Amino acid sequence: MDALILEISTRGLHRYEALARGVTRVGRALDNDIILSDPTVAPHHLQILHHPDDSIELINLAEVNPTRVDAMPIDTQHIGKLPVNIEIGRVHAQLLPRDYPVAATRSLAGNGKPNHLFGPAYWALVLALLCLLASGLDFYANAYSSFKWIELVKHLLRETTLTIGAFVLGLSILERLLVNRWEIQQMLTSVCLVYLLFMGTNLLADNLDYLLSAHWPSGLLYFGWYLVLIPVAIFLYLLHISHLPRERSILLALLIASPIALPALLQSPQMQALFDNFSNAASYHNQLSYTNWHLHDEVSIAEFIEQAKAMQPGKPAD
Amino acid sequence: MRASLLAISLVLAWAFAAPASALDSREIYQLNEDRVFQVRVLNRETGKKSSIGSGFIVGDGQQLATNYHVISQVIQEPELFYITFVGSDGSEGELSLQGLDVAHDLALLRAEQALGEAIIMSPLPPGGAPIFAMGNPLDLGLSIAVGTNGGILNQTDDSRILFSGSLNPGMSGGPTFDDSGAAIGINVATARNDISFIVPSRFLSDLIEQASGEAYDDSVDMKAEVARQVLAYESRYIEQVLAEDWPSLELRQFKLPGVISPTVRCWDNSSKLSTLVQYKRYQIRCSNQNHVYLDADNQFVGRLIYEYYWLETDTLNPIQFYNLYESLNKDQIDTKPGRDIVTNFNCDTWFVEVSSQQFKSNLCRREYRDYPGMSDMLFTAALTGHADKGFFITLIATGVDFDSSLPLIRKFLESTQWTP
């Protein structure tokens, strides 16, 4: 067996120590060959003996938090087959042969292509400006009582910039804690894409509501947004931008999305209806559209009255 | 035949009984203080008053007339409440329900023994004549309120007399006398200071005539009886409204049904035109006044409301205009009965052609859970296809048979005319 590698897990990038033949001392004291500053590691915690015949022997030196190999505490342990998992205090390490295969190289965000959205910084700025534009148009479309530029600016600063800024900052801090990196530009790009997607799907759902004279498209969007789209967006970010493993990305996406999704879902009319299935308000289809695209046939007054006779009575609440 | 005989005998009795000179309030009070009672609804468990009103001796001397709303709790929960009377001399006794006229808010009660001499009833005196309302205001004792006859109100479907005196809680169900000492009506409601309402005595005469000799027995489903009476009244009312020639009113590019019944009053609710506002709106709201008291939760039914709402703009673009238009498309029935009283609404949508224009129309219905066949109906229709103008029609009818309300919608839409 050639030289060994001790892979030491950390919150950021792992640390790799090449072990020469002979004795390697691991512990918190400064006279060790490999120093682990974790307080749960003993000053002299472990000796790794790499014998000339390539056999490996681990000797525990710690009285407190003794070394564990494959989850079992040891005094002295001969190692037959690599890799082997070692717990030194709470530090996780792995003893590997030098020729141990590594995972395939992940491409940079945007595959390194110069025009990719996650590549150059100007895309993040362009997308941020697009968000402001979309939000401004939405404000303008709803400013039917009166329109003032100062109100638009206030809206963009108070609503849009703050919302996007808060998400970018919050998620960037989370990312820093998770993978020990700041990726503000990619985060801004991602948040802006999600924001634009939200605006677009909202518009689509409104038009589908009118087209079908139904409430379910916007209801579906509401639930789909919080239960599917937000977790998927976070998952894709963690997988492709942060390069976390797939399973960990799924778990983290669900964890990160849940504080956003749960309150929104609990406050949704559909969820409220589960808790209280009675309403004094008539939930009729009040949407109006200038395009007036709808699938319902136009009926005469007589046909309408005839069809209305078949209307079922209202359902009593529990 | 019986009705004619009763009417003739009442008029004769009134003519012979009428003193030669007009009585003043003191004399009317003294003449009737033994014939006007406090009517109490008591809780069987606590023995305490739950509601109070007044009543007076009618018919065979064993009957008391009062308002339906005074004793409606007994109909809601007969196992918990019962009715008693207390006379000015302190005499007390239990009363049973003998007859109801829910539409006119009247109830006929029967005592176990004769209570005294029945009060004579008479037609309404001329407008402006003095009239005197007796009753037990606020549980303080017998009192008399003096006012004048304001005449029968046609907006209440002739079911109310306007009284310029002051009625107070507890006086409901008491008699209102003319200056001969005959009862011309029954105290029923107040609007504000010195604006009060009296039920004309002819409805009470009809009730006395129709009521059988015995009180309702326990086998009668009183809520079903209330529903039957309300629905019969509302169906008759809608038929009358449909039979009328509806005058039209003009609102911008539409000719619309105007005051469709004498019971209806219309008001302009248009917003003031302001330089800040980028659109103009014109709103007309019409409603009837002949509401029917339903139950102790203070539910009134029999409301007929229709509203027109025109919207136009010179400055908004179509997207802005339709955002505004949609935000205003939110009419609801403003009464909020609880889940125990009504069902949820069931709504459906149609695109209906009305006078060559298309309206997105929604029809909703909800049912009264304890009153079989009784529904609330909400109809809204919004004009589609115009970039700079919008128009809503809203029609609301409460406490109606749903099917009988549909011809009303039909006539509304057929009477709506678009002027290009």
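Chain B of this predicted model has a mean pLDDT of 90, with 93% of its residues at 70 or more. For chain A the average pLDDT is 91, and 98% of the residues score at least 70. The complex as a whole receives an ipTM of 0.88 and a pTM of 0.83 from the predictor.

**Confidence in detail**

- In chain B, pLDDT remains under 50 across residues 1-19. For this stretch the model has 14 contacts beyond four places in sequence.
- Where pLDDT is low, the predicted coordinates should not be read in detail.
- Within chain A, the element with the lowest mean pLDDT is helix H6 (residues 269-275), at 79. The highest mean among the elements of chain A, 97, belongs to H7(A).

**Overall build of chain B**

- Chain B contains 7 helices and 24 strands.
- Along the principal axes, the C-alpha atoms of chain B fill a box of roughly 75 × 45 × 45 Å.
- Of the 420 residues in chain B, 46% are buried.
- Considering contacts in chain B between residues at least 6 apart in sequence, 63% join residues that are at least 24 apart.

**Nonpolar cores**

- The largest nonpolar core has 124 residues, and those touching the most other members are B:Phe56, B:Leu64, B:Ile71, B:Val230 and B:Leu395.
- Helix H5 of chain B, spanning residues 222-243, gives the most to this core, contributing 8 residues.
- Apart from this core lies another, made of 15 residues, which include A:Val26, A:Ile48, A:Leu58 and A:Ala93.
- Leaving aside residues up to four places away in sequence, B:Leu395 touches B:Tyr306, B:Phe379, B:Leu408, B:Ile409 and B:Phe412.

**Contact between the chains**

- Chain A supplies 38 residues to the contact, and chain B supplies 53 residues.
- On the side of chain A that touches chain B, the elements giving two or more residues are helix H1 (121-142), strand S12 (298-299) and helix H7 (301-308) of chain A.
- H7(A) provides the largest share of that side, with 5 residues. H7(A) is also the element of chain A with the highest mean pLDDT.
- Sorted by class, the side of chain A that touches chain B holds 17 nonpolar, 18 polar and 3 charged residues.
- Strand pairing also links the two chains: S12(A) pairs with strand S20 of chain B (residues 346-354) in the parallel sense, over 2 bridges.
- Within this pairing, A:Val299 has B:Val352 in S20(B) as its bridge partner.

**Strand pairing within chain A**

- Strand S7 (residues 68-69) of chain A pairs in the antiparallel sense with strand S10 (residues 84-88) of chain A, over 2 bridges. Here A:Val69 stands opposite A:Ile86 in S10(A).
- S10(A) also pairs with strand S11 (residues 91-97) of chain A, again in the antiparallel sense, over 5 bridges. In this case A:Asn85 stands opposite A:Gln94 in S11(A).
- S10(A) and S11(A) form a hairpin with 2 residues between the strands, and A:Gly89 takes a positive phi near 60° in this hairpin.

Terms used:
Residues numbered from 1 in each chain as written. Chains lettered and ligands numbered in written order. Predicted model: local features only at pLDDT ≥ 70, side-chain atom pairs only at ≥ 80, totals over all residues. Core = buried A, V, L, I, M, F, W, Y, C linked by C-beta atoms within 7 Å. Buried ≥ 20, exposed ≤ 12 C-beta atoms within 10 Å, placed from the backbone. Helix = DSSP H or I, 4+ residues; strand = E, 2+ residues; numbered from the N terminus. Contact = placed C-beta atoms within 7 Å. pLDDT = per-residue confidence, 0-100. Nonpolar A, V, L, I, M, F, W, Y, C, P; charged D, E, K, R; others polar. Pairing = 2+ DSSP bridges.
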